[in-house]
Amino acid sequence: MVENSELRKAGLKVTLPRVKILQMLDTTEQRHMSAEDVYKALMEAGEDVGLATVYRVLTQFEAAGLVVRHNFDGGHAVFELADSGHHDHMVCVDTGDVIEFFDSDIEELQKAIVKKHGFELVDHNLVLYVRKKS
């Protein structure tokens, strides 16, 4: 469970909208949410937080390192809490579902390729676009 202390550690004042949005991201089953998804979920929960506030707070959370923004092809930006270790993503081209995965073989292969070309791996973002087999 994400606490108010996370906001303070990130240098953000603890405000009701920030707390509500952070709690929503922490407790939802959907790990990757757009600003609109967060707004709709807050409205369904009876919370009075405007869409512009959701956008502003998510941008603040991203700058503070509390969330990670992903811009998958053909879709809106989605956010996930920056509370888990490194992982990669698969995005279903039919449904837009985002599936997280980690594969140590892929990670090692990427490092080997980078080294072979005389570089040092600083960061990477692997996204596989997939479709269910029929």
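The mean positions of the 15 positive and 23 negative charges of the chain lie 3 Å apart. Here Lys and Arg count as positive and Asp and Glu as negative, while His and the chain ends are not counted; the place of a charge is NZ of Lys, CZ of Arg, CG of Asp or CD of Glu. The model is predicted: local features need pLDDT of at least 70 and side-chain atom pairs count only at pLDDT 80 or more, whereas totals for chains, interfaces and linings use all residues. Residues are numbered from 1 along each chain as its sequence is written, and side-chain values use heavy atoms, with hydrogens and water left out.

The chain has five helices and five strands, in the order α-α-α-α-β-β-β-β-α-β along the sequence. Helices (H or I, at least four residues) and strands (E, at least two) are DSSP runs numbered from the N terminus. The C-alpha trace spans about 50 × 40 × 25 Å along its principal axes. Of the 134 residues, 30% are buried, where buried means under 20% relative accessible area, exposed over 50% and partly exposed in between (1.4 Å probe, protein chains only).

Nonpolar side chains tend to be buried together in soluble globular proteins. The largest nonpolar core has 21 residues, of which Ile21, Leu25, Val38, Val54, Leu58 and Phe61 touch the most other members. Helix H2 (16-27), helix H3 (35-44), helix H4 (51-63) and strand S2 (77-81) each supply at least two residues of this core, and H2 gives the most, with five. Such a core is a set of buried Ala, Val, Leu, Ile, Met, Phe, Trp, Tyr and Cys residues joined through side-chain atoms within 4.5 Å. Leaving aside residues up to four places away in sequence, valine 54 touches Ile21, Ala35, Val38, Tyr39, Leu42 and Val49; contact means heavy atoms within 4.5 Å.

Histidine 70 is in strand S1 (residues 67-71) and counts as buried because its relative accessibility is 9%. Its side chain makes a polar contact with the side chain of glutamate 80 at 2.6 Å. A polar contact is a pair of N or O atoms within 3.5 Å; within protein, one must be able to donate a hydrogen and the other to accept it, and residues adjacent in sequence count only if both atoms are side-chain atoms.

Threonine 27 belongs to helix H2 and is exposed, with a relative accessible area of 53%. The side chain of threonine 27 reaches the backbone oxygen of glutamine 23 at 2.8 Å.
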